[in-house]
Structures are given as C-alpha cells and as structure tokens.
Amino acid sequence: MRERERSFELDWWLLFIVMAICSVGLMEIYSATHNGPLHGMQWKQLVWIGIGFAGMLVLSRIDYGGLLDQSLLLYLLSLGALAVALVVGNKHFGARRWIAIWGFDLQVSELVKLIIIIVLARYFSELRTERLTLADLFKIGLLVGVPAGLILLQPDLGTAMVLVPVAIAGAFLAGIDWKHAVGVLALGAVVAVVGWNGHFLKPYQKQRLATFLNPENSPRGAGYQILQSEIAVGSGGFWGTGFSKGSQNQLGFVPVRYSDFILAALAEEQGFFGVLITLLLYLALLLRLVDNAQKAKDRAGMFLVMGVAAIFAFQVLVNAGMVIGYMPVTGIPLPFMSYGGSSTIFGFLALGLVMNVRTKRFVN
Amino acid sequence: MANWIGGDQKLPQGRLILVSYVVVLEFILLLIGFWKLQIVQSGHFADLAEKNRIRSIPIIAPRGKILDRYGRVIVDNYPSFSILLLRDDPVQIKKDLPQITSGLNVTAEDLNQQLLEARDEPKFQPIIVKPEATDADLAFVESHRADLPELELMMVQRRKYPPNDFLAHVIGYVGEVSPEQLEQSGGDRYKPGDIVGKAGLEREYNDILTGTDGMRRVIVNSIGKPVRTLDDTEPIPGKPIQLTIDADLQEVAERELAGTIGAMVAINPQNGEVLAMASRPAFDANDFSVRISRKEWTDLNDNPNKPLLNRAIQAQLAPGSVFKILESVAMLESGTPPPDFHVFCPGYGVFYGQVRHDWDPKGHGEVSLHNAIVHSCDIFFYNVGERLGIDKISYYASSLGLGARTGVDLPSEEPGLVPSQEWEERVYHHKWYPGSTISLAIGQGPIDATPIQLVRSVAGIAMGGVFYQPHLLKDFSPVKVVRFAISPGTVDQVTDGMYGVVNEGGTGVFAYDVLKQAKLQDIQFCGKTGTAQTISNKGLLRLTAAERHSFGYNTWFVGFAPRRNPEIAVAVLVQDTHLEAGGAAAPLAARFMKAYYEKKLGQPIQELQAKAAPSKAASQTQEAAAASAARDQ
C-alpha cells in the first residue's frame, strides 16, 4: 500500500516549471499566429500538450526496469521505424521524417531520442568499472551512430546531433579517461572536417552552416533567417515591445516564429526581461532534473534522468544560440515552447521517464 | 530482476554537481548573448527593425506649369506610374528575370543592361524598369506582389509638352539627373532618378519649377505588401512660370519656318520681352519626358540639321548685309566718312589691290547712305569700311551688342564674334590684314552673330541706343539695360534707310507686298536684308556650277515697326536656302508682322486660320518667292 501511495506522487515542482514553460509557449504561439492564416494554432498545441501529458502519466506508471529490459527490442524497433520513414515516410519541407500514425504524421526521430536514452542508460548502468574502456566507447559510438546516421539520411542534421549529448553526458557520468575524452573530441573534429568536405551534408545544410558563420553576406538568402531573428531579438530591448506588438513578429519578418524561432518572437515582445524569466524556467527545469538524478535509487535511473537532461540542455543551447546567431539554423525546437506535436509529445514522455525514476526513489 | 537494478550502486554525486555547474554556465552564456543583442546593440537592431517594416515611397512633386504671356498653359503635367525594380536581392532578380521581362513586356537585354549600369550604385537604389506603366503592367505588378516583391510602383507626374514641337527649344526638356549633377549637388539636392530640367527654360528655371517631393511612409510585411500608411509628407508642387511668349505669335513664327532650317525671334524693343522664339528643325520634348531611347538620342544628335540646336540663340553666322546698319551708325557717329559721303557704284571697286564686286553687277550709280541702305550697295559700304578701319568697326559692333551674349534667360547662348586687331593677333598670330576690313564692311569674314543678338542690336539702334536684355520670364527682374548714346539724327537717318528697304522698293520689297495685301502697308515696317555665302568667294570659284548650287545662302531679315519708337522687332534667319534674303527671309518677317498687327488691331490672325495645311502654305511661300526671284541685295 505504501508503495502504491508513493506511485501517485509526481514531481510537482518539475510539473509546475514545465507547465509554466508551456504557458509561455502557448502565449507566444497565439501572439505569433493570431492575425494570420495560422490563427488558432495555440489550441492545436494545447491538444499536443494534453496528449503528451497523458503519455507522461502512462509512462510514469510503467516500471522503468521493464523498459530497460526491453531496450534491445526497442532499439531494433526504432532502427526499423527510421528505415521505414526513409523509404515510405511522408515528405515535409524536403525531408522524410514523418510516418502517419492514427492520422497524425509522427516524427519518428523524436521517438528514437527517447529510445536512445533508455538504451544508453541500460548500457552505462551495466558497466562495473570506474572507467570506460576504449571498447566501451566504441560500442557507445556504434549504438548512437547507427540511428544518428539514419536520421542524417532523412536528412535531419539537428535531430541526429541531439543524440550525441546523451552519450557524452552518460560517458562523463560513467567515468571517462581524459585521454579518451581528448581522443573522442579529436575524432569528432576529424569527422566534422571530413563530413564538411565529403558529400555527407546536403547543400542546404552546408549553406546554413556557412551563413551561420557569416550571416550578413546574403540578406535574402539563408543568412536572412538569422539576421531577421537577431533584428527581432535586438529590437526587443529590455522590456520588449509588448504582447502581440512586435513588428518583426507580427509582420512576419521572424522566420517560423511559432516554432523554431519562437524565442525570437518572445524576445522581441517581452524583451530581455521575458527572455530572462524563460531561461530561468529552463534552468530550473534542468537543475530539477539533476536533483532527480541525484535522488535516483540506482545508476540506471540516474542515467535515464540525465539522458533526458542532456537532450533538453542541448536543445535549449542550440535553439537559443541559433536565435541570437551563435548557432547555425538546424531546426531544433525549443522543448515545450515550440509548436509541434512530435517534439511536445517527446518532451512529456521524457518527463514520464523522469517521474518514473522519481516514484521509485524510495523503493528497494 | 536483472543485475543492473540495485541500490548497491553508488551514484557519481560529484560529477552530477559538476554537470549542474555546466548547466548554469550554459545559461549564463546564453543570457550574455541576449544581453549583447537586446541591451548593448538594441538601438542598432531597432533601426534595422524600422527599416524592415517601414518603406518610404516618394511622392513626386509635380513641376510647375509653363504659361504664355496671357496665362495660357503651354506645359502641363499628367500622372503616371513607373515600375521600379528593387535591387537588394540579385539572386532573386536573376531567378525572376524571365517572369518580369515577359510580364512587363521588356527585353531581357535591356533589363540586364540597366542592371549592369546600375551595379555601382547603392543597392537600395531601385532601377526604373518601365518609366510609364500601362494598365496591364499595373495589373501584373499588383497580382504578383507576393512572388515578385522586388517590383514596386511609383506614381510620378510627367511633363506633357505641347504637340508639333511647339516652343520646343525654348521650353527644353527634363530628364533624370545625371551622375555629374548628382556629384555637384553633393547629394543633398538631388537623389538618383530625380527629374530635372536638362535644357531650355526647364533647366534655366529648374529651381522655380521643381517642387519638394513628399514622402509616404508605409508599414510593409515580410513579403513587402503595404499593411497600412504611417504618415504622408505632402509634396510641395513646383511654382509655375509665366512667359513673355505670345502663343499665337509663336505659332505663326513656327508655321512660317516650317520646312526650313532657320530661326525667328521677336522682341519688344521697349522692354526686351521675347514675344516669339522659334528654331527649326525641332524635336518633340515628349520623347524626353518618359525616357529617350538610345537610338532616338543618337538620331537627334547625329542629324546634320541639328534639331536640338536652338538657332535663335546658338546659330553663330555671318550677319551679311544686316551688318551695314551697324556700320551706318558707326559712320554717322564717328563722322568717318562724313554723313554726306557719296560714291559712284559701277558694280565693282578696287580695294587694297583687289577687285571687289557689288552683288548687283549693273551697279547702283551715284549712292548716298540712304540709297546704300535701301539697295544694300556693297561698293558704298566697302568705301565706308575702308575709311572707318578695323578699330572703329570693332568698337561700334561691340558697343551695339555683337560679340557678347545678350543675357537672354536661356542656357547655352552663344556669344558670336566681333574681330579686332588684338583678336587677330591672339588667334592667328599675325597682324590684321586691312583687306579683311573690306569683307567685314558687308558683314562677311570673321564676324558671327546670333539672331537674338541682331534683333536686340537693331531694335536698340531704333530705340536710340537703348538695348534691353531680352528675356522670356514675364516678371524677369532686373532687366539689364545697356545705353549707348546715338544721336537722334543718326537714328533717324538709319531707320529712314531701313524704312526704304521695305517701303521704297528696296531689297525688302517682297515684305511690302505681303503687308500691302493685308492692307497693313501703313505700319511703317522697317528692316534690312542680309545674305551670307556659306563658303568664301574663292572657295566658290573653285566649284563647278552644280556644286555651287549645293551651297545655299544664309539669309537674314531684321526689322521693326513702326519707324519711330518701335514696339516690335523681329529677326528671321533662313539657312541654306537658294533664295537670297529678300525672297527667303523678308516675306517671313512680313507675315509675322502682319499677324502681330492683325492681333493688335483685333482681327483674326489669318495664318492661324489657315492651320489646316501648314506645310503646303510654307511650300507655296517658297515657290512664290522663287518665281519672282530677283537678286535682292
């Protein structure tokens, strides 16, 4: 009975923070779309949040031990799904990322993120040594590399990159020899250089990266997005232009302002003050996740929570960095704020994993 | 349960804390990034945001109208649209080029040429793809706002010039400001694409005619569609100018000149007002008001008849026998030779060892100054010139208004030329040949005058030595007056001679015929003919008869009425004609006078009534004159 009572216990602080972030997101989605053909988008997003929330509740009830047991099956399933998406998936914006499930186009790679967290948590928690061996690193690289490669083929550089920090955070926590760390970094650099010069990146990906480095070169080309985003952010000033009063947002200068660049829209209308509040909410979310990891009852739980934290931290870093021109345009959404079914549902399912770990923290 | 679940595992708490530090660091870095943009560079980006959303569309101020002396509109404006191509995205333009060229019906070569020429100008400076858009063009631009945002419309006020090249040289034309003008103005007064006066009054009074452009600031969305208007700065229209030109007389002058190469200027000797100024051939200023094509421009410039030349102020030609009037003044005023000087004219004479012929080989017999003017006796004036000498001729010619610009309010007036010993030495590096004085005595040789100089000079002599600055602006002020004292006796003698030219069977007898037909023989029309060879006598002798025929005469008639205290003076130049002045220029001047007096006396002007067949009338004039052609000089 005692355990059953505990199982109803959710991390209310975490939930409060996430709901606050969702509210900011809904508000800004409304502001960005209410006077255009996309008006009413906030209600759709609210539906996604509802679905995600339900999914979170379900996942928080499933014993994560059982999930970890099935990690091989899940892994194979995810590779299969990625392959299917590549072959028969629906094409949006020139990339095969979506497969239709129950009438929704689901972005498979979002689900793969979740599965990689589980698979890596299992791998790391099974290690008995204090330091990762080279063989371990190679296996981890393979585990992440295969799905990442498939996602890269869609092509979706952003999501493929999101898988990497899960491995890095896990490796750091599991214990990595600093020489190995340096080696891996060097290897990463080599891969980046070869990837750039070889034919692994699509032209648009290269262009995005190139214009990221020099946005003012082509005001109407690919650098246009970054420049417009910077203009919106910069013109917001400290207090912002006011809710639904941002000219760059309302007149459509901010690219995909309800999704990838929602933070630019918010920065214009709510100013630095609004950005500060929002980023503090994300900081609180991440620190709360670390707190949950610290209180996990075992290493597997900790790796699960920290995998989630790694992905959120990376997405916030890349998305916010992109909005202010510090990162290339990669199409990585801001968790819980950017409009989008798949990413919202993933976010809540990942929270479900965290809640799952939390409810088990006193169980022996 | 598998072995990887268990409470025995220790968590790496230290590393977790390290991770949370990394997370905090991440957020600090992000906040610094936002701080830099939103606080440090906020002003810069706010400016860029304003530029993004606000587009300034100039509202072109209409130029002032040009009115005749009675306030009748000669030059007006009409609204029209120009299609602009915004050039800030060359890649987009290149992509859209086929659609733009086919949609606006322009050739890709022309557009590419324009883009090439504009490549050094600032990017924000649009090019005008189509200066005057048709309804179809407007519909095309409006319907492609979304996919061709680089196209923009601009309303402009265009110049509407009168038909039939009316007053073309005087009005001039407008055009886009040239790079040189832009540079001179230092970028404050003009911006590229501005329309400015390029020639004629449009240029002379550009400052009055030009208004101040207004500005409409509109908010546009990201695809360039105006969402709403922020504010309008209303344009200040240019001020109109009223001219001294009488449109009726101008029309008569142009009708008379139709088909010829020549010019006509009529002024009021009492105040210098220009009543008519015509030059033919002419051009259609409307060709310039939109955008003159390269071909039209080269055609106008390469035309051997020089239609762009305003002959009334720019044709510098030997005045021929008209100069005898100035010489008569010089003779009477200087007393060399004395007023009662007589010569016997056998039709030739020997001066400085060279035989000189009179225009009339029969000779004029015993001639006094009066008869010499009436019949334009060359031998008489050779003798006068010989006695006066170059210095006196030069002094009086200059004093009476030749060799210097009259100061008429038009750009590009030519100064003409009065030779002197000093001039000869400066230009040719040798002393003045006394023989040259003999040619000069009948207005040949190195002496050039423009029609406006001759009409001002003769009118001033008839006014007793009061030379008004000719001007076209009604309230031109101050009108410069040059006074050169001529004794009343001299004025009477000279004007009496000129009266005789027309009314006593002199070289201007055809003018009398015209006036008599119109029962206007009592207006006391006085004048002087002039016929100048276009090449020298020596040159002429070397040519065959057929070749000689291809060189026409430049013929003049300068006259005024009435004999005392004249109210109207006119100079007529007909170039390259095979008639001499009495046949070619004198009847034109007379018909102009007829129209002037018909109008003054309240009669309908006959020339204007016969509008139906102007070219026919003109050719009849020529034929009639040719039929009764007699050597008149």
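Modeller: Two strands are said to pair if DSSP finds at least two bridges between them, and in this predicted model that rule gives an open sheet of three strands in chain B, with the order 1-8-9 and antiparallel pairing.

Colleague: Why do strand 1 and strand 9 of chain B stand at the edges?

Modeller: Strand 1 (54–59) and strand 9 (226–233) of chain B each have a single partner strand, so one side of each is left without a neighbour in the sheet. Neighbouring strands of this sheet are turned by 25° against each other on average, with direction ignored.

Colleague: How do you know that strand 8 and strand 9 of chain B are joined?

Modeller: A pair needs at least two bridges, and six bridges join strand 8 (residues 214–220) of chain B to strand 9 of chain B, the two running antiparallel. As for individual residues, B:Arg216 has B:Asp232, in strand 9 of chain B, as its bridge partner.

Colleague: Turning to chain A, what makes the span of helix 8 agree with its number of residues?

Modeller: Helix 8 (residues 157–174) of chain A has 18 residues, which at 1.5 Å a residue should span 26 Å, and its end C-alpha atoms are 27 Å apart, which agrees. The helix is followed by A:Gly175, whose phi is positive, near 105°.

Colleague: Why is helix 8 of chain A called largely enclosed?

Modeller: A residue is buried if 20 or more other C-beta atoms lie within 10 Å of its own, and 14 of the 18 residues of helix 8 of chain A are buried, so the rest of the structure largely encloses this helix.

Colleague: How many residues does each chain bring to the contact, and which helix of chain A gives the most?

Modeller: Chain A brings 49 residues and chain B brings 42 residues. Helix 13 of chain A gives the most to the side of chain A that touches chain B, with 12 residues, and the residues of that side divide into 27 nonpolar, 14 polar and eight charged.

Colleague: Where in chain B are B:Pro337 and B:Pro562 found?

Modeller: B:Pro337 is in the loop between helix 14 (323–334) and strand 13 (343–345) of chain B, and a cis peptide bond joins it to B:Thr336, with omega about -15°. B:Pro562 is in the loop between strand 20 (553–561) and strand 21 (568–577) of chain B, and a cis peptide bond, with omega about -10°, joins it to B:Ala561.

Colleague: What is the average pLDDT of chain B, and where is the pLDDT below 50?

Modeller: Chain B averages a pLDDT of 85, and 88% of the residues score at least 70. Over residues 1–8 of chain B the pLDDT is below 50, and it also stays under 50 over residues 611–633 of chain B. Where pLDDT is low, the predicted coordinates should not be read in detail.

How values were computed. Residues are numbered from 1 along each chain as its sequence is written. Chains are lettered from A and ligands numbered from 1 in the order in which they are written. This is a predicted model: local features need pLDDT of at least 70, side-chain atom pairs count only at pLDDT 80 or more; totals for chains, interfaces and linings use all residues. Helices (H or I, at least four residues) and strands (E, at least two) are DSSP runs, numbered from the N terminus. Axes are lines fitted to C-alpha atoms, for helices over the stretch in contact, and angles run from 0 to 180 degrees between N-to-C directions. The expected span of a helix is 1.5 Å times one less than its number of residues. A residue is buried if 20 or more other C-beta atoms lie within 10 Å of its own, exposed if 12 or fewer, and partly exposed in between; C-beta atoms are placed from the backbone. Two residues are in contact if their C-beta atoms, placed from the backbone, lie within 7 Å. Ala, Val, Leu, Ile, Met, Phe, Trp, Tyr, Cys and Pro count as nonpolar, Asp, Glu, Lys and Arg as charged, and the others, Gly among them, as polar. pLDDT is the predictor's confidence in each residue, from 0 to 100.
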